[in-house]
Amino acid sequence: MTLPRVSIQTDDFDLSFEIAALRRENKGVGAVCSFIGTVRDRNEGDAVASMELEHYPGMTEKSIEAMVDEALRRFDIFGARVIHRVGLLQPLDQIVLVAVTSAHRGQSFQACEFLMDYLKTQAPFWKKEQTAQGARWVDARVSDDAALARWGITASNA
């Protein structure tokens with residue numbers, strides 16, 4: 001069973017299952033790099049009780065598919081899998097998985113980092129945190145734009 005490259009879902013994901021599925025297709029895989037982002041219990045000095053993520057169905061998947069296509073063009077990788085959760089999440093919940101396979105580790109590390117930098121700035125998600133002071137939308141950070149700029153991509157989200 002071949003999984004899609006991009007999934008937007010409310011359900012949690014299983015890292016072992018996802019990596020096994022990504023590797024299964026190619027016996028030349030010598031490296032797998034993965035990143036899992038989780039909900040923190042603090043942001044900007046305030047306690048965070050929960051986070052709600054929203055997206056625009058169809059547009060979000062298309063945007064992330066284009067990111068994966070760009071990673072495949074830039075790096076010598078075999079494949080990539082991106083899962084991003086939406087809905088109400090609690091501290092310690094997994095939010096995002098980026099996994100990349102290649103023959104050697106360097107390309108996997110670079111492609112994984114590229115995809116995360118791209119996701120943080122270009123993917124159409126909206127995040128709202130619940131704090132003791134009430135709900136607040138999470139703004140883009142200048143540091144995220146700077147991370148993307150090192151790949152030669154200019155963004156102005158913050």
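Predicted model: local features only at pLDDT ≥ 70, side-chain atom pairs only at ≥ 80, totals over all residues.
Helix α2 covers residues 59–74, and at 1.5 Å a residue its 16 residues should span 22 Å; the C-alpha atoms at its ends lie 23 Å apart, which agrees. Five residues of α2 are listed as buried: T60, I64, M67, V68 and A71. Viewed down the axis of α2, these buried residues fall within an arc of 95 degrees, so they line one face of the helix. Such a pattern can be read against the geometry of helices in general. An α-helix has 3.6 residues a turn, so residues three or four places apart point the same way. On the other side of α2, K62 and R73 are exposed, that is, each has over 50% relative accessible area.

Helix α3, residues 105–122, was examined in the same manner. Its 18 residues should span 26 Å at 1.5 Å a residue, and the distance between its end C-alpha atoms is 25 Å, which agrees. The buried residues of α3 are S108, A111, C112, F114, L115, M116, D117, Y118, L119 and T121.

Strand β7 is formed by residues 94–102. Nine of its nine residues are buried, so β7 is largely enclosed by the rest of the structure. The strand has antiparallel pairings with β2 and with β5. With β2, which is made up of residues 31–38, the pairing runs over eight bridges; here S34 stands opposite A99 of β7. With β5, which is made up of residues 77–85, the pairing runs over seven bridges; here I77 stands opposite S102 of β7.

Strand β5 also takes part in the lining of a pocket. The second largest pocket holds about 210 Å³ of space. It is lined by 16 residues, of which T2, L3, L22, E25 and A80 are the closest to its centre. The most comes from β5, which gives four residues. By class, the lining residues of the second largest pocket comprise eight nonpolar, four polar and four charged.

Terms used:
Residues numbered from 1 in each chain as written. Heavy atoms only, no water. Buried < 20%, exposed > 50% of the residue type's maximum accessible area, 1.4 Å probe, protein only. Helix = DSSP H or I, 4+ residues; strand = E, 2+ residues; numbered from the N terminus. Pairing = 2+ DSSP bridges. 1 Å grid on protein atoms, 1.4 Å probe; cavity = no way out; pocket = protein on both sides within 12 Å on 5 of 7 lines; lining within 4 Å. Points joined across faces, edges and corners; volume = space filled by probe spheres on them. Nonpolar A, V, L, I, M, F, W, Y, C, P; charged D, E, K, R; others polar. Expected span 1.5 Å × (residues − 1). Arc of directions from axis to C-beta.
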